[in-house]
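Dear colleague,

I am handing over a structure that you have not worked with before. Please open it alongside this message and keep it in view while you read.

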There are 4 protein chains.
Amino acid sequence: MGWNSWDCYAATVNEEQLLRNAEYMQKNLLSFGWQYIVCDVQWYDPEPGTAESTYRPFAPLCMDEFSRLIPAERRFPSSAGGKGFAPIAGRIHDMGLQFGIHIMRGIPRQAAHSRTAIKGSDASAELIADPFSICKWNADMYGVDPNKDGAQEYYDSLFELYASWGVDYVKVDDICNTNMYPNRPYSAKAEVELIRRAIDRCGRPMVLSLSPGPAVIEQAWHLAEHANLWRITDDFWDNWNLLKDMFRRCEIWQAHVGPACWPDCDMLPLGRIGIGFHNPRFTNFTKDEQITMMTLWCVFRSPLMMGGELNDNNAWTLSLLTNREALAVSQQGGSPRQIARDDEEAIWGNRTEDGAIYLALFNLSDEPRTVSCSLSALDLEKASVRDVWAQTDEGVVENALSARLPPHGARLYRLL
Amino acid sequence: MGWNSWDCYAATVNEEQLLRNAEYMQKNLLSFGWQYIVCDVQWYDPEPGTAESTYRPFAPLCMDEFSRLIPAERRFPSSAGGKGFAPIAGRIHDMGLQFGIHIMRGIPRQAAHSRTAIKGSDASAELIADPFSICKWNADMYGVDPNKDGAQEYYDSLFELYASWGVDYVKVDDICNTNMYPNRPYSAKAEVELIRRAIDRCGRPMVLSLSPGPAVIEQAWHLAEHANLWRITDDFWDNWNLLKDMFRRCEIWQAHVGPACWPDCDMLPLGRIGIGFHNPRFTNFTKDEQITMMTLWCVFRSPLMMGGELNDNNAWTLSLLTNREALAVSQQGGSPRQIARDDEEAIWGNRTEDGAIYLALFNLSDEPRTVSCSLSALDLEKASVRDVWAQTDEGVVENALSARLPPHGARLYRLL
Amino acid sequence: MGWNSWDCYAATVNEEQLLRNAEYMQKNLLSFGWQYIVCDVQWYDPEPGTAESTYRPFAPLCMDEFSRLIPAERRFPSSAGGKGFAPIAGRIHDMGLQFGIHIMRGIPRQAAHSRTAIKGSDASAELIADPFSICKWNADMYGVDPNKDGAQEYYDSLFELYASWGVDYVKVDDICNTNMYPNRPYSAKAEVELIRRAIDRCGRPMVLSLSPGPAVIEQAWHLAEHANLWRITDDFWDNWNLLKDMFRRCEIWQAHVGPACWPDCDMLPLGRIGIGFHNPRFTNFTKDEQITMMTLWCVFRSPLMMGGELNDNNAWTLSLLTNREALAVSQQGGSPRQIARDDEEAIWGNRTEDGAIYLALFNLSDEPRTVSCSLSALDLEKASVRDVWAQTDEGVVENALSARLPPHGARLYRLL
Amino acid sequence: MGWNSWDCYAATVNEEQLLRNAEYMQKNLLSFGWQYIVCDVQWYDPEPGTAESTYRPFAPLCMDEFSRLIPAERRFPSSAGGKGFAPIAGRIHDMGLQFGIHIMRGIPRQAAHSRTAIKGSDASAELIADPFSICKWNADMYGVDPNKDGAQEYYDSLFELYASWGVDYVKVDDICNTNMYPNRPYSAKAEVELIRRAIDRCGRPMVLSLSPGPAVIEQAWHLAEHANLWRITDDFWDNWNLLKDMFRRCEIWQAHVGPACWPDCDMLPLGRIGIGFHNPRFTNFTKDEQITMMTLWCVFRSPLMMGGELNDNNAWTLSLLTNREALAVSQQGGSPRQIARDDEEAIWGNRTEDGAIYLALFNLSDEPRTVSCSLSALDLEKASVRDVWAQTDEGVVENALSARLPPHGARLYRLL
């Protein structure tokens, strides 16, 4: 549970924005379990992308003498003098929070073409860079050939640096959907293993998050062994079709949830978003769709990363993030189970350690619809029912639980 | 653990062959846990296929008045007078064994074209048959459209019949690899659900086995919920390329093994096979390859179904089926884990309930090769080692376990 | 150039409808070159499909003793007494027109399951039917295995029958897009060759038209050698997206037009259509879209087959079918050439034998748009220009020709 | 008809090698029509690739101040002082021959990363380079974004330079199989159009050859309009499977041969090849296979580019290149036609302007085989027959022409 800068600030986030979201989190969310502040992509570009394109190809990036990207001082003033993200991490830690960063897999193209050094290795950048391994949407990096001398040393040097900064969470991008990179002579999984080993060696525990999705289900076992969370979808935004499609994705991944393994439905595009994309807005999701999203993310136990500028939250948005009963199934639930799904509706269940059963009913259609679930599907005959979002007790129900749901709407029940 | 008639008798198996394999099993294998005798495909064709083709298109099949296929009396004399498989099942039960049959999903094409009745329904066969749902290799059946009235009743009537015969195990074919049938207006999963429901209603417990593979990994959750075993490969035969490829398949499915859920590597083509294919032979696998196969099947906990004519077993073949230590990891193991794999070698581990760790080393290359596994990969520092197939104690090993393996060879160790 | 019953009457056309369209054609269209009257699918089903489904699976079809389908007397009364389509063909010939029929490739499933005879062969139907070769949308037939004795004899007997009826044009369905049938042990082209040979032997010239598309461009050479027209698209209807997509298809096939080789854009859904689909309507195309369609079909030289009920034509619809200058490029044009195309506009040219150059400008966008073509692209410096649809002379133009076109609109110019 | 340095010298060819092959051609081949000397890939790398890899990633390449690659003086001494290939072209022209070069599409990566200038444009290299458009096997270049200002100017400046050198033929690589590059926001055809326009503007006629294949048949019309020859296959080598597969490719492309349009079967790996690949050898093709290759290339009218070191030709190799009757169908033939093909044999025909019919019989099987062609397939009843390779008259044949052919062998007949 945390906040990530992408949905609101794209590639443009700066020190002041990170810290003010941290302060908001400390004050309003920490007591509910929210704790990570994650700085997303391209913090090393002094003049990040504009309205026409998120990234600037061939932009000169801030880099140290060991081919390692460092924060752009222009955007993160406290990084001046080679201090990197250490000052920001320190302030965030002082608030009782955790600090995370985003990186692209690989080594900067500019390092390879200028043949710069790698710490701890005789190899220089062009000797470990794979000129045929490029990201499809961002031109900063070349992939690292894992079979080359210096490849592990390069990643070790990266995470040594991040550990020295006090980083608690790393989101590695361009690495999760390995189907994107089928034509190299080595397995796409090898670069994940380089990173896992570098984290294990760096002397500081770090959560490892892999992007972008969709992750490849044939490799669920490998993801579970090497990472903590992994995206099961390409970038998720405030668009109903994407939300509806997430039900299909969660169905597929339901057998791979926890412990310490989190198929990731991506950030929550709630509240005020799109600022760094020159398209600032309050989320396009209706309130019913927001309930649907929060219900699915909680019952499925997806990681919860808020995407909107926290300081612009209104009471409604804040209420979605602070419903202790909904968060309980997200944080203390067991294995989620899809009970039914077709094009019109979906039903999911989960059970928390204290024996409570959570039942979620979803209306995926564009019309009002009554959705029902037989209690026998949960091995129950009757149950006392609480509506989690309405925070109302509904009394005892026998046989089946039904609800009239608005289009794109959902209800989350807690059954005892 | 059982025996299946396909590898030795193809579509031609008869009563005498079933019973003599049952007798062998009772005498030689039952005490090791082997118990199922399964009659494979097309027991309803009085004159089954010849050397040129396994099946006879447009052959008139034995069928009752309710569009249900019944055993061909010519091949199964005890079925005369409408007794079906009941007499054979009875004799097998008397030996302390279990009886299984193979069926193709769907309803006979001949039933649809002659508009025969369905028990318990006003619909006749042509009303539930889907003329566009056909098997790719056998022309006996049309698929059943699950949305039609009479579809569930048809399957209910099938399993009612099988229960009355005393069937303990059903292998349903042409249903597991749902990617084969992408173009119908209903989900390919629906026919599995019809069958699951029919079994639950039939009043007799039956193991449900789905073929052919490769099963679709996105539907692992659905298979686990509705079936007991499901094939992860197309038909497996005594061919090294198929065996080597099984390592890739087991890698993918390792997270989905047990309890009561068995990704299935298919029958063991050991001993004398190919008789019904007009290609009788002792398995083409070398002894090293047989060890490799048995080791993988056991450590991965694949179902074990012997494919060869049991009465032709030699001492070597029998020894492979009666190694109690190897069978122990198959039957009492936990979740298998692939520790390493590349094109040259593979390493797998598993742990039984009694705390023993099984470690399997495989040489997948065509040259002799030393394969090693660090004990730290098993969270061990040292272990006392037993070679399961050689049945020798190897003493205490520290740090790593290494073996010089012949081409295509394997070693299975039990570590304490 | 002709009329086909599908767009207006689906699988339900009858004798009276055929003849009244023939009469209209004789009176209003024959002098413009229109001459074929084609009876489309399933004239052998006495009670053809209803609103819910176009076809009736397992319907008993009218068939002679040689496994050959014959017209349903209930719908085509003059066929009584084994006369088949001969009386209808005779009346159409008397009007100076030509008569065509539609058939599905293969042999009736009902023939194979009832083992009926084949004329001129000892084989019966089940011996040449391939039980794995089925059409994806119509359940009447099994494909014929071209390697079986009796396969050529079956097709020879079909075309002998059609020749005896006086058929001039045969539209063979389920055969053109050979990519649909990849899994048979023989080439999908073989069934085309059986048909070509049967036509050559039948003693009557017949135009051979293959459906449905999209035809496979790798086999353009084979289509050109064995057929006269072949569909480059799946069924075409009065829908802008389908029409816009046709520009892509024509681009691909432009190098394969004529002589005697006609990539076919499918029927013209003009006038009153959809009657047999329980969705009667005047075409959904706007007048601009109709102009666009007619312009593309004429300049590309697609076969022109009118799909609407001719007797319901209004003056506008008739005017589209009787513009002699547009028909001139269709009938006397040379090789069409796409001069430019992007998502917003397209430009095509063609040259008739008399030296006239036809230039077609298309606005594919949803907004009004000016489309221009440099005369140098036609190797001209100046030209006297005639607007073909407006039938107006536009004077002499130099350098470039431009037109302001409405959304989805087109202009066809004749340049001298 | 010419010689290309790739098959013998890979990326390592030098001035001396070019000139000595030119001298051989002048003396031995020019009078038979051979005239092009083509310098293949990476003449701009001063230290080209070694045995392990053909190309050197991140190698510094010889480049002028306008981001244009120039010959490496170390390998082409006469290019010193900015003279480029002009001195070599001059010497080749003096021999009565034509000179060609190979280029990779795009702009050097090193130019983009060092932001060098483009002649005739304010844009510098990084502004027209597309960082996501890379070649799959050679890391020298980025593709050029055709929508950027400076893109056309860059290509114009290239061909202006090549014209100033006296280049007659340009083989552009990494551009023909447009299916390789599906994910850019512009059509892959656009870079071909930039090049076509640059050639038209450069003031010197140049033959445009596109590589590698397989070209995309849907774009046959575009290739015919913009290029002179285009590869229908990936690199072809002295391997029977590649040669057998060429029959499939020629089948597909037969409708697109000439005039001025040449589907290209790639170089002839005859004589001494593989020198620059550290695998020098005389061609692995048997003499029968060489006859088969030459026969197919000639009757199909593929471009003929000799791949072996000419000075190492023996009498047999030279005889294949100097058979005037075989070259006649290649150079004066009409449209080739595949008359038959299956897995065992193939038959092709072609007709020259003088009315002679060439008939080629091929045995594609691994056994001796008699291959026959009915003369009626050529619309002949009888013909006087000459065996082109044996240079013998075979007398008059009626009805059919048959030959007993060795495995992988062929016969080419000239019929009058």
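This is a predicted model: local features need pLDDT of at least 70, side-chain atom pairs count only at pLDDT 80 or more; totals for chains, interfaces and linings use all residues.

Residues are numbered from 1 along each chain as its sequence is written, and chains are lettered from A and ligands numbered from 1 in the order in which they are written.

Domains of chain A

Chain A is divided into domain 1 (2–333) and domain 2 (339–415), with bounds that come from an automatic or database domain assignment. The centres of these two domains, taken over C-alpha atoms, are separated by 33 Å. Their contact takes 19 residues from domain 1 of chain A and 19 residues from domain 2 of chain A, where two residues are in contact if their C-beta atoms, placed from the backbone, lie within 7 Å. On the side of domain 1 that touches domain 2, helix 9 (240–253), helix 10 (287–300) and helix 12 (324–332) of chain A each supply at least two residues; helices (H or I, at least four residues) and strands (E, at least two) are DSSP runs, numbered from the N terminus. Helix 10 of chain A provides the largest share of that side, seven residues. By class, the side of domain 1 of chain A that touches domain 2 of chain A has eight nonpolar, six polar and five charged residues, where Ala, Val, Leu, Ile, Met, Phe, Trp, Tyr, Cys and Pro count as nonpolar, Asp, Glu, Lys and Arg as charged, and the others, Gly among them, as polar.

Helices and strands in chain C

In chain C, helix 10 (residues 287–300) and helix 12 (residues 324–332) pack at an angle of about 35°, with their axes 6 Å apart; axes are lines fitted to C-alpha atoms, for helices over the stretch in contact, and angles run from 0 to 180 degrees between N-to-C directions. Here Met294(C), Cys298(C) and Val299(C) in helix 10 meet Ala326(C), Leu327(C), Val329(C) and Ser330(C) in helix 12, and the residues of this contact divide into six nonpolar, one polar and no charged.

Strand 7 (residues 169–173) of chain C pairs with strand 8 (residues 207–210) of chain C in the parallel sense over four bridges, and two strands pair if DSSP finds at least two bridges between them. Lys171(C) has Ser209(C) in strand 8 as its bridge partner. In strand 9 of chain C, Trp230(C) is the bridge partner of Leu210(C), and the crossover from strand 8 to strand 9 through helix 8 (residues 220–226) of chain C is right-handed.

The antiparallel sheet of chain D

In chain D, six strands form an open sheet in the order 14-15-16-21-18-19, with antiparallel pairing. Strand 14 (337–341) and strand 19 (392–398) of chain D stand at the edges with a single partner strand each, so one side of each is left without a neighbour in the sheet. Neighbouring strands of this sheet are turned by 25° against each other on average, direction ignored. Within the sheet, six bridges join strand 16 (residues 357–363) of chain D to strand 21 (residues 410–415) of chain D, and Ala360(D) stands opposite Leu412(D) in strand 21.

Contacts between chains

The contact of chain A with chain D takes 13 residues from each chain. On the side of chain A, helix 4 (109–114) and strand 5 (129–134) give two or more residues, with helix 4 of chain A giving the most, four residues. The residues of that side divide into seven nonpolar, three polar and three charged.

Chain A can be laid on chain D with an RMSD of 0.0 Å by a turn of 179° and a shift of 0.1 Å along the axis, with copies superposed by least squares on the C-alpha atoms of residues with pLDDT of at least 70 in both. That is the relation of a two-fold axis. In chain A, the C-alpha of His113(A) is nearest the axis, 3.5 Å from it.

With kind regards

How values were computed. A crossover is right-handed if, with the strands pointing away from the viewer, the path from the first strand over the helix to the second runs clockwise.
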